[in-house]
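I opened this notebook to keep track of what I looked up, and in what order.

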Amino acid sequence: MDILAELEAYLENFNSAENEEFSIDTIRIKFSKEYKLEALQKIGIWHKISSKDKKIMAKLKRRLTDDEVTTAYQLERQNIYYYNSSRPPKYREATMVIFGMKQYHKAPPARELINKILSVVKSVSNIDVCIDLKIKPSIEALQKQFDVTRHFTKEGIPTDTYYINTPLIGMGMIEKIVIYDKAYKNGLKGVLTRVEAKIVIPNIRELALPLTELRELVNIAKGKQ
């Protein structure tokens with residue numbers, strides 16, 4: 001089973017039918033180190049991430065719930081990491097994170113490496129599905145239907161990043177939504193707003209993604225409803 005091709009085909013079919021542009025930006029996989037780690041380590045060179053590297057650690061911890069990142073490793077210089085969790089059973093489980101798959105300012109992780117990893121783990125826990133809009137989002141319209149939280153810096157300065165932590169759509173498969181200024185984040189010209197949804201995948205062999213529900217939310221962000 002070519003997991004990445006299956007995921008991409010699912011999105012492509014929906015995009016073609018509905019004239020949308022959803023893409024995968026991040027893939028996360030929980031796996032047992034006892035059964036999978038040895039094979040994963042043979043894929044390439046894994047570098048241990050220093051706990052002092054706050055930038056990388058912050059990326060790995062982003063949108064986590066109960067996980068606590070203890071030690072983390074990066075595959076070569078790709079945006080591919082796995083981290084050990086302190087959750088019970090302690091240190092026996094790890095999470096693979098492959099991110100930056102939909103970018104404009106630099107190359108995504110190597111497809112060959114992604115496929116090798118997926119062929120070992122043979123599953124996907126959740127993905128981030130994103131869409132980029134060339135308009136400013138209608139936060140006011142979203143606030144009428146969702147509990148929208150604005151992000152503030154440590155200094156108390158408001159940002160253009162917003163979270164919907166409990167969307168209550170997609171039969172619970174859509175865990176979180178983040179809306180942010182993609183152009184500002186990556187130093188791009190013009191207006192580019194990213195809407196990104198963390199979607200749980202209960203069974204990769206019976207793939208079903210709540211893209212219709214996500215599309216409805218995006219339409220609200222566009223001011224269409």
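The entries below begin with the ground rules and then go through each topic.

**Ground rules.** I am working with a predicted model, in which local features need pLDDT of at least 70 and side-chain atom pairs count only at pLDDT 80 or more, while totals for chains, interfaces and linings use all residues. I number residues from 1 along each chain as its sequence is written, and my side-chain values use heavy atoms, with hydrogens and water left out.

**Salt bridges.** I looked up how many salt bridges the structure holds (a side-chain nitrogen of Lys or Arg within 4 Å of a carboxyl oxygen of Asp or Glu), and I noted 11. In one of them the side chains of glutamate 20 and arginine 215 meet, at 2.9 Å from N to O. Glutamate 20 lies in the loop between α1 and β1 and arginine 215 in helix α7 (residues 211-221), so this pair ties together parts that are 195 residues apart in sequence. For elements I rely on DSSP runs, numbered from the N terminus: helices are H or I with at least four residues, strands are E with at least two. For accessibility I call a residue buried under 20% relative accessible area, exposed over 50%, and partly exposed in between (1.4 Å probe, protein chains only). By that scale glutamate 20 is buried at 9%, whereas arginine 215 is partly exposed at 26%.

I next found aspartate 25 and arginine 194 joined by a salt bridge of 3.2 Å, N to O. Aspartate 25 is in strand β1 and arginine 194 in strand β10 (residues 193-200), so parts that are 169 residues apart in sequence are tied together by this pair. Both aspartate 25 and arginine 194 are buried, and I noted that they belong to a network of salt bridges that links Asp25, Asp132, Arg194 and Glu196.

**Helix α4.** Which residues of helix α4 (residues 111-121) are buried? I listed Leu113, Ile114, Ile117, Leu118, Val120 and Val121. They cover an arc of only 160 degrees around the axis, which puts them on the same side of α4; the arc is that of the directions from the helix axis to the C-beta atoms.

**Positive phi.** I kept in mind that most residues other than glycine have a negative phi. Lysine 122, which follows α4, has a positive phi near 60 degrees. Asparagine 19 has phi near 55 degrees, sits in the loop between α1 (3-18) and β1 (23-32), and is exposed at 70%.
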